[in-house]
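The structure is shown first, and the points follow by topic.

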Amino acid sequence: IESGFLTMGDKVLVSPLNEICTVKSVVVDQVAGWTGFAGDHATVGLVGPDMAGVVAGMVLSDPASPVPVASRFQARVVVFNIDIPITKGYPVVMHYGCVSEQATIRKLVSLLHKTSGEVVKSKPRVLTGNCSAVVEVTVAKPIPLELYRNSRELGRFMLRTGGHTIAAGMVTALL
């Protein structure tokens, strides 16, 4: 449980399925109980319309304030020591929580100063190793995302290619 709490009998929205389910059971650290709080490793039993489609990586939230679902977003990334520069259209695998999803660097928005975070160059042609930048990322299918400033856990990710981690980032805007 990343934030808030979950109680047996709660109605929850499963994103990105966009279906409302009811919490049937909450098991925290292999002990059945009524409630799970932020930080608990919980196994949650759900009752709802189509439970066959619920898989790891989906997010449960309050139907009154759902977690946004997006397939395009802007992010601030730190590029690690890489051999091949990152260009517009660069294919990557985005690791987000326990999910890995095919993604593409759609646009290089700006190059940032490493320490101050100020824009050094707008619309750079490439991103080389050991730099910071703002990029636009597109994922293959919509995923539940939060802005980093709203939820650190749901607003950060890693980018990998060829079995190597090439960048880490945080979501700054949903597009």
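In this predicted model, F5 has a relative accessibility of 54% and therefore counts as exposed, since that value is over 50%. F37, at 48% relative accessibility, counts as partly exposed. These two residues form one of the aromatic pairs described below.

**Aromatic pairs**

- The count of aromatic pairs comes to two.
- The ring centres of F5 and F37 lie 6.2 Å apart with their planes at 40°, so this pair is tilted.
- F5 belongs to strand β1 (residues 5-7) and F37 to strand β5 (residues 35-37); the pair links distant parts of the chain, 32 residues apart.
- F73 and F157 form an edge-to-face pair, with 5.5 Å from centre to centre and 75° between the planes.
- This pair also links distant parts of the chain, with F73 in strand β8 (residues 69-79) and F157 in strand β13 (residues 156-161), 84 residues apart.
- F73 and F157 are both buried.

**Secondary structure and extent**

- The protein chain contains 14 strands and zero helices.
- The C-alpha trace spans about 50 × 30 × 30 Å along its principal axes.
- Of contacts between residues at least 6 apart in sequence, 62% join residues at least 24 apart.

**Surface and charge**

- Of the 175 residues in the protein chain, 33% count as buried.
- The protein chain exposes about 10000 Å², and carbon and sulfur atoms supply 54% of that area.
- The protein chain carries 16 positive and 13 negative charges, whose mean positions are 14 Å apart.

Technical notes
Residues are numbered from 1 along each chain as its sequence is written. This is a predicted model: local features need pLDDT of at least 70, side-chain atom pairs count only at pLDDT 80 or more; totals for chains, interfaces and linings use all residues. Side-chain values use heavy atoms; hydrogens and water are left out. Helices (H or I, at least four residues) and strands (E, at least two) are DSSP runs, numbered from the N terminus. Buried means under 20% relative accessible area, exposed over 50%, partly exposed in between (1.4 Å probe, protein chains only). Contact means heavy atoms within 4.5 Å. Accessible areas come from the Shrake-Rupley method with a 1.4 Å probe; for residues, only the protein chains shown count as cover. Lys and Arg count as positive and Asp and Glu as negative; His and the chain ends are not counted. The place of a charge is taken as NZ of Lys, CZ of Arg, CG of Asp or CD of Glu. Rings of Phe, Tyr and Trp (its six-membered ring) pair if their centres lie within 6.5 Å; planes under 30 degrees apart count as stacked, over 60 as edge-to-face and the rest as tilted.
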